[in-house]
Every structure is written in C-alpha cells, then in structure tokens.
Amino acid sequence: MRVAALVTGGKDSVLALYRAQKMGHDVEVLATMIPERDDSYMFHFPNIHLTDLLSRAVEIPLVTAETSGVKEEELDDLKKLLASLDVEGVVSGAVSSSYQKERIDRICDELGIKSVAPLWHQDPLDIMKELIDLKFKVILVGVYAYGLDQTWLGREINTETLEKLVELNQKYQISLVGEGGEYESLVLDAPFYKKRIEIVEAETSYANNSGVFVIKEARLVNKD
C-alpha cells in the first residue's frame with residue numbers, strides 16, 4: 001500500500017516508519033506538522049526542524065505544514081495536508097494514546113484512506129527494548145515530568161537508561177515511552193538510515209521541572 005508516514009523525528013514515529021516498511025508498505029512521503037506553540041495537543045515540538053535531516057537520512061521526500069497548535073483546530077490543518085497527498089494510507093506512531101489514534105483514524109475515514117499504527121497497544125517495555133536491540137540511537141530532547149531532571153536532556157536511551165525509566169515508572173507512573181507527555185525524543189540513527197544525524201551545536205534550557213535540549217546545528221554524516 002502506498003502510504004505517507006507522520007514523522008516528528010521522535011522514536012515512536014521513526015519506529016513506526018521502520019515497521020511500515022518491514023510490513024511491505026511503500027512509504028512514498030514523510031509528513032510533518034509544525035506547531036506554532038510548544039504545547040500542541042497532537043504534535044511534537046522540540047527540534048521539529050530536524051525532520052528535514054531525517055528525510056534526507058532515509059531518502060524519502062518530506063512535506064510539511066504549519067499549524068496553530070490549538071486543540072482540535074490543528075486537526076483541520078493535518079487533514080488539509082493529508083488530503084493533498086496521493087496515498088492510500090497514513091502511518092502514525094501512536095502506542096496507547098486514544099486521543100491521538102482516534103483523531104487520526106477519523107481523518108483517515110473522512111479522506112477514504114487507511115490508518116496504519118504499527119505500535120498500537122504494544123507493550124511499552126517491549127518497544128523500548130526493541131529500539132535498543134535494533135541499535136536505534138535515540139536521545140531525550142524534552143523532559144516534562146517529576147523525576148526527569150536536566151541530566152536527562154541529551155541522554156541516550158540504552159539498557160541503563162531504560163532501567164532508570166522503569167524505576168521512575170514504578171515510582172511516579174511515568175510512561176516508559178513518554179506518551180503521556182513526560183518526555184520527547186529524537187532518533188539520530190537507525191538501521192534503515194542511509195546516513196546518521198550528528199549534532200554540531202546544542203544547548204540545554206531547563207526550569208520549573210521541565211526543559212528542552214535545543215539542537216542549534218546538526219548535519220548528516222556517513223555511517224561507519
């Protein structure tokens with residue numbers, strides 16, 4: 001099936017893209033919504049500009065559209081973007097968020113295309129272990145929950161990091177995949193990247209139990 005993949009550069013959308021390809025779908029285009037505000041209900045915000053590098057890394061064209069980020073109104077912006085694409089389906093990285101999944105499903109129904117959610121209702125711990133096993137290089141670029149202090153910004157997700165996330169999940173009920181808005185991530189490399197993303201310059205901004213790892217400059221480099 002010819003599909004568009006909704007991508008943010010974060011681990012869920014990139015893993016969903018990877019899974020969609022493994023399922024045999026022809027991912028013809030990547031689609032990114034760029035919110036004008038950092039508290040969008042639907043769309044990832046930190047370092048969203050790096051989806052251009054992601055597109056080049058996986059060698060799939062990217063289309064973008066701006067959205068106000070206002071609750072529900074941003075869905076109209078997404079629908080307009082998807083309606084402009086000649087595809088049969090849309091891939092999303094929803095794991096357990098009914099808010100996100102139901103709205104994407106509804107838009108797809110209205111447009112007469114399929115909604116593909118390869119990670120839907122899968123065990124969060126299994127998803128995190130899969131990322132590590134597949135050697136996805138994932139870093140945290142936003143933290144917004146008690147227990148995730150500024151030392152987490154820029155940290156790579158590995159076995160040790162996952163163990164600490166499990167502890168925080170047990171102590172504070174933090175979602176292991178961050179789908180409750182606890183954190184945001186960025187995938188710098190993955191098995192299907194033709195080149196990897198290298199951070200050249202970044203800075204940390206942290207206050208009032210939340211913060212962002214702002215990547216000011218990045219580039220694509222050849223993989224070893």
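Over how many bridges do strand 6 and strand 9 pair in the antiparallel sense? The answer is two bridges, where two strands count as paired if DSSP finds at least two bridges between them. Helices (H or I, at least four residues) and strands (E, at least two) are DSSP runs, numbered from the N terminus. The model is predicted, so local features need pLDDT of at least 70 and side-chain atom pairs count only at pLDDT 80 or more, while totals for chains, interfaces and linings use all residues. Residues are numbered from 1 along each chain as its sequence is written, and side-chain values use heavy atoms, with hydrogens and water left out.

Individual residues show how the strands are joined. Val143 has Gly211 of strand 9 as its bridge partner. Strand 6 and strand 7 pair in the antiparallel sense over six bridges, and the partner of Lys137 in strand 7 is Asp189. Strand 8 and strand 9 (residues 210-222) pair over twelve bridges, again in the antiparallel sense, and Thr204 is partnered by Phe213 in strand 9. Strand 6 (residues 137-143) is mostly covered, with six of its seven residues buried; buried means under 20% relative accessible area, exposed over 50%, and partly exposed in between (1.4 Å probe, protein chains only).

In soluble globular proteins, nonpolar side chains tend to be buried together. A nonpolar core is a set of buried Ala, Val, Leu, Ile, Met, Phe, Trp, Tyr and Cys residues joined through side-chain atoms within 4.5 Å. The largest such core holds 52 residues, of which Leu30, Met128, Phe136, Leu148, Phe192 and Tyr193 touch the most other members. Helix 1 (residues 11-22) supplies the largest share of this core, six residues. A second, separate core has 17 residues, including Val29, Val87, Ile107 and Cys108.

Phe136 is in contact (heavy atoms within 4.5 Å) with residues that include Val14, Tyr18, Leu131, Asp189 and Phe192, not counting residues up to four places away in sequence. Rings of Phe, Tyr and Trp (its six-membered ring) pair if their centres lie within 6.5 Å; planes under 30 degrees apart count as stacked, over 60 as edge-to-face and the rest as tilted. The count by this rule is four aromatic pairs. Tyr18 and Phe136 form an edge-to-face pair, 5.8 Å centre to centre with 90° between the planes. Tyr18 is in helix 1 and Phe136 in the loop between helix 5 (124-133) and strand 6, 118 residues apart.

The ring centres of Tyr18 and Phe192 are 5.5 Å apart and their planes are at 45°, so this pair is tilted. Because Phe192 lies in the loop between strand 7 and strand 8 and Tyr18 in helix 1, the pair ties together parts that are 174 residues apart in sequence. Tyr18, Phe136, Phe192 and Tyr193 form one aromatic cluster.
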